[in-house]
Amino acid sequence: MYKQMASYHAGIGFMRDAYYLITVAGGAILIALGFAEVTDLLTFVLYVSVVLPPIDRLINFTEQLQQGIASFERFTEVMDIKPEIEDNKDAKPLEVKDATIKFSDVSFSYESRSGEKVTSHLDLTIPGGSRVALVGESGAGKTTIVSLLARFYERDKGSITIDGVDIKDVTQESLHKAIGFVQQSVFLFDASIRENLRYGKSDATDEELWQALKVANLYEFVQSLPEGLDTEVGERGTRLSGGQKQRLSIARVFLKNPPILIFDEATSSLDTESEALIQDAFNNISKGKTSIVIAHRLSTIADCDKIFVIEKGSVKEAGTHQELLAKNGAYARLYNVKRDVL
Ligand SMILES: Nc1ncnc2c1ncn2[C@@H]1O[C@H](COP(=O)(O)OP(=O)(O)OP(=O)(O)O)[C@@H](O)[C@H]1O
Ligand SMILES: [Mg+2]
């Protein structure tokens with residue numbers, strides 16, 4: 001494109017200046033031959049400067065039009081892409097009662113992984129209103145399991161239900177509305193804090209936003225910024241720390257106020273203080289809701305109603321912290337390893 005533009009503009013510029021040159025040279029010859037007066041030449045040169053600006057404008061207009069057409073084509077190309085996961089024809093909106101989640105015999109593999117299963121025969125029941133944790137080694141499939149619940153990917157086999165209704169039979173819009181997801185790597189838009197928060201609730205007032213920031217332990221931080229809610233977070237939130245991004249995401253979920261919460265703890269190391277702030281923020285918003293915590297720091301989940309140890313995409317052990325420690329199995333091993341690291 002730049003190559004084209006270079007020759008285009010150079011060509012136009014050359015012709016534009018040649019126009020003056022020809023006028024002056026031609027006029028000089030005509031004057032020398034006695035066919036014209038100096039005043040004629042001057043008048044002509046003045047005319048030239050009147051004629052050129054509209055031509056310039058026309059050229060710029062064509063350039064903009066071409067760029068616009070090209071961008072619009074790209075836009076329609078993107079908009080025409082059919083999503084891989086579509087609603088069933090008779091999909092109904094999900095009505096959440098107590099938000100009991102059940103995975104039965106679920107198998108799934110990523111397309112790019114040549115059929116190798118990430119989860120197979122996964123069975124998991126999360127009673128409504130309870131708080132459970134998924135733990136396991138890196139790559140065990142924890143993030144994949146919760147992504148299947150939100151239907152970011154389509155399971156290959158088995159069923160996933162919320163209050164007895166298969167998530168395939170409900171509209172994705174209602175499903176996504178029912179689930180608040182604080183992701184492992186938070187996605188923020190290159191916009192202000194206010195706009196990023198409003199992604200959770202588009203008509204939230206500033207008062208509600210500040211309230212959400214309070215719950216998410218971000219109030220003091222945003223207060224201390226000279227531009228407050230109008231502070232730009234940078235592309236993908238680069239101007240915020242990892243912990244701040246996750247807390248912003250928690251504030252967003254608080255505004256959305258869904259019955260099911262998923263918190264995928266960041267793996268990157270956070271200092272203990274920041275970690276405690278995040279944990280506390282999540283505890284604030286998860287009261288009375290069904291919540292799934294994917295924990296890498298096991299210290300934070302001791303009070304969960306149930307802990308599932310995930311290994312190679314299926315449940316290896318399940319129980320409370322005390323039960324699992326008493327069992328002295330996979331969880332106890334993980335617990336001891338992690339405690340040594342900390
Ligand atoms: N989009 C993807 N495409 C292909 N393979 C993937 C994709 N996402 C994850 N995987 C693979 O699936 C397996 C499970 O990944 P997953 O992200 O669920 O692990 P995890 O338990 O969340 O790990 P961590 O504790 O590090 O977050 C891994 O082997 C990973 O390489
Ligand atoms: Mg993960």
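A donor here is an N, O or S atom within 2.8 Å of the metal (3.2 Å for Na, K and Ca), and sites may look incomplete because water is not among the atoms. This is a predicted model, in which local features need pLDDT of at least 70, side-chain atom pairs count only at pLDDT 80 or more, and totals for chains, interfaces and linings use all residues. Residues are numbered from 1 along each chain as its sequence is written, chains are lettered from A and ligands numbered from 1 in the order in which they are written, and side-chain values use heavy atoms, leaving out hydrogens and water.

Which residues coordinate the magnesium ion (ligand 2)? They are Thr143, through OG1, and Gln184, through OE1, at 1.9 to 2.4 Å. These two lie 41 residues apart, Thr143 in helix 3 (residues 142–149) and Gln184 in the loop between strand 6 (179–182) and helix 5 (193–198). Helices (H or I, at least four residues) and strands (E, at least two) are DSSP runs, numbered from the N terminus.

Six strands form an open, mixed sheet in the order 6-7-8-3-9-10; two strands pair if DSSP finds at least two bridges between them. Strand 6 and strand 10 (314–319) are the edges, each pairing on one side only. Strand 7 (residues 260–264) and strand 8 (residues 290–294) run parallel, joined by 5 bridges. Within strand 8, Thr290 is the bridge partner of Ile260.
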